[in-house]
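Colleague: I have the model open now and would like to go through a few spots with you. Can we start with a loop?

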Amino acid sequence: MKIEIIRKKLKELSEPEYAKFNKKLCPDTKKQVLGIRIPKLRTLAKEILKYEEWKEFIEKADTNCFEETILKGLVIAYSKIDIKEKLILVKEFIPNMDSWAITDTFCPTLKIKPEDLEKVWSFILPYTKSDKKFEARFSIIMMLDYYITEEYIDKVIKVIDEIENNAYYVQMAKAWIIAEIGIKFNSKAMKYLKGENKLDKFTYNKALQKMIESCRISDETKILLKNMKK
């Protein structure tokens, strides 16, 4: 599918009122916002991948456009290519993330195969030390989506505790993943929260709040969590 046709489709899918809503929802982005709903972008991404020119779109995509950036990420994520080649494209794409919505749409779409988990783990680790908020958030969301498992949980907790970037969207991602650990590995989460962790007060309390609000946490545990607030 030619880039001109793709942009024509994007224009047809745009909703001015939804664009206004998205700008408020994603205040960090400096990109042009067309106002296209994510399910429609997912459908278009899959359609693009039916054509041999999909790599041409990756090269020519206008990353000054919010939706075209998301579409580029979705095409990369959905592409059926070797993990080595895919990670090259991911590395090139990451600097285009200037919104939680781009990061949080892209990461869960990658669908990492079990045999590729270790390669991807090594790939995301450097981003945990980034001073760029959406690069750091990318690493956390990737761990949230793929590494809350028996094999990786102890590594995840250690890495999360060592992330020093205290930008708001990084703090919120840390709170989110800690809450998810609290749901899936409650004893480990409680031990971590009660121990000598490096969490700032905001992230610590936000993690407790998310766990307390979860319907997957027992009432007994929620009482303990309420008494743990700082």
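Colleague: Where does Asn165 lie?
Modeller: Asn165 lies in the loop between helix 10 (153–162) and helix 11 (168–184), with helices taken as DSSP runs (H or I) of at least four residues, numbered from the N terminus. This is a predicted model, where local features need pLDDT of at least 70 and side-chain atom pairs count only at pLDDT 80 or more, while totals for chains, interfaces and linings use all residues. Residues are numbered from 1 along each chain as its sequence is written, and side-chain values use heavy atoms, leaving out hydrogens and water.

Colleague: Is Asn165 buried or exposed?
Modeller: Asn165 has 11% relative accessibility and therefore counts as buried, the cut-off being under 20% relative accessible area with a 1.4 Å probe and protein chains only.

Colleague: And which residues does Asn165 touch?
Modeller: Leaving aside residues up to four places away in sequence, Asn165 touches Ser130, Asp131, Lys132, Lys133, Ala136 and Val170, where contact means heavy atoms within 4.5 Å. A polar atom of the Asn165 side chain also lies 3.3 Å from the backbone oxygen of Asp131, and one lies 3.0 Å from the backbone nitrogen of Ala167.

Colleague: Switching topic, which residues of helix 5 meet helix 6?
Modeller: In helix 5, Thr69, Lys72, Gly73, Ile76, Ala77 and Tyr78 meet Lys86, Leu89, Val90 and Phe93 of helix 6.

Colleague: What is the handedness of the crossing of helix 5 and helix 6?
Modeller: The crossing is left-handed, meaning that the near helix is turned anticlockwise from the far one by less than a right angle.

How values were computed. Helix = DSSP H or I, 4+ residues; strand = E, 2+ residues; numbered from the N terminus. Buried < 20%, exposed > 50% of the residue type's maximum accessible area, 1.4 Å probe, protein only. Polar contact = N/O pair within 3.5 Å; in protein donor to acceptor, adjacent residues only side chain to side chain.
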